[in-house]
Amino acid sequence: MTEQPSIPGPDEMRASNADRERFAKVLHDAMAEGRLTVTEMEERLDRVYAAKTFGELQPVLRDLPNQVVPAQQHHVAQPQPQPGAPSRIGGRGTSATAVAIMSGAQRKGVWTVPPTFNAVAVMGGVELDLTHARFEDPETTIQAFALMGGVEIIVPPDITVHVNGAGFMGGFGGRVANQVGPPGSPVLRITGFALMGGVDVRAPKKSRRDRDQIAE
């Protein structure tokens with residue numbers, strides 16, 4: 001008789017992007033509560049985003065009270081692009097990091113966003129303009145951190161956006177914090193932390209021509 005393959009246990013299950021984001025959210029909340037320092041949170045976030053299985057995720061919360069994050073058992077299918085609709089998905093990421101320390105950094109125009117992008121503003125400003133950007137994968141995560149600085153993320157209306165960052169003596173969010181794009185649109189998850197600073201997620205400014213058409 002052929003031996004049946006063993007069923008993997010919960011800790012051996014492969015971690016999804018959604019699993020990693022839920023663990024990252026717990027770490028951000030713990031830092032906001034004073035349970036973790038910024039350095040400790042960043043070290044654990046590195047482990048979270050590098051984890052391949054659920055068993056590798058669990059230890060990052062081992063010393064935080066009442067933090068049991070179960071694995072998601074369901075699978076959410078990615079919507080398929082509509083026939084004839086222009087796709088923003090495809091290509092190789094052209095830039096994975098934007099850092100501004102007492103200075104400024106900008107990503108705009110035609111560029112390709114990798115699956116994970118890090119934006120750090122320390123007493124400076126970072127602008128990420130996704131108006132004409134493409135995305136390497138159907139789902140992308142932007143990890144934003146602002147310390148006495150600001151990160152501005154400009155998102156067009158044809159992508160889906162989920163924001164779950166936190167702010168302490170600062171703000172994290174914007175008018176398009178939870179935006180649903182058309183079927184087949186890229187999914188953008190924005191997470192992170194703002195300390196005495198801000199992470200602002202907004203739509204592109206309308207041109208004068210667009211404003212005139214709306215007024216007519």
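**Entry 1: V155 and the cores**

I looked up V155 first: leaving out residues up to four places away in sequence, V155 touches L130, V161, V176, L188, V201, R202, A203 and P204. Contact here means heavy atoms within 4.5 Å. I note that this is a predicted model, where local features need pLDDT of at least 70, side-chain atom pairs count only at pLDDT 80 or more, and totals for chains, interfaces and linings use all residues. Residues are numbered from 1 along each chain as its sequence is written, and side-chain values use heavy atoms, with hydrogens and water left out.

The largest core has 30 residues, and V126, L130, V151, I153, V155 and I190 touch the most other members. At least two residues of this core come from each of β1 (97-101), β4 (116-122), β5, β7, β8, β9 (160-163), β13 and β14 (198-202). Apart from it lies another core of 21 residues, among them A24, V26, L36 and L64. In soluble globular proteins, nonpolar side chains tend to be buried together.

**Entry 2: the sheet**

I traced an open sheet of five strands in the order β2-β5-β8-β14-β11, with parallel pairing. Its edge strands, β2 (104-107) and β11 (171-173), each pair on one side only. Strands are DSSP runs of E, at least two residues, and helices are runs of H or I, at least four residues, numbered from the N terminus. Two strands pair if DSSP finds at least two bridges between them. β2 and β5 (residues 125-129) pair in the parallel sense over four bridges. I found V126 of β5 as the bridge partner of A105.

**Entry 3: helix α1**

Just after α1, G34 takes a positive phi of about 85°.

**Entry 4: M148**

I placed M148 in the loop between β7 (139-147) and β8 (150-154). M148 is partly exposed, because its relative accessible area is 45%. Leaving aside neighbours within four places in sequence, M148 is in contact with M123, G124, L195, M196 and G197.

Notes. Buried < 20%, exposed > 50% of the residue type's maximum accessible area, 1.4 Å probe, protein only. Core = buried A, V, L, I, M, F, W, Y, C linked by side-chain atoms within 4.5 Å.
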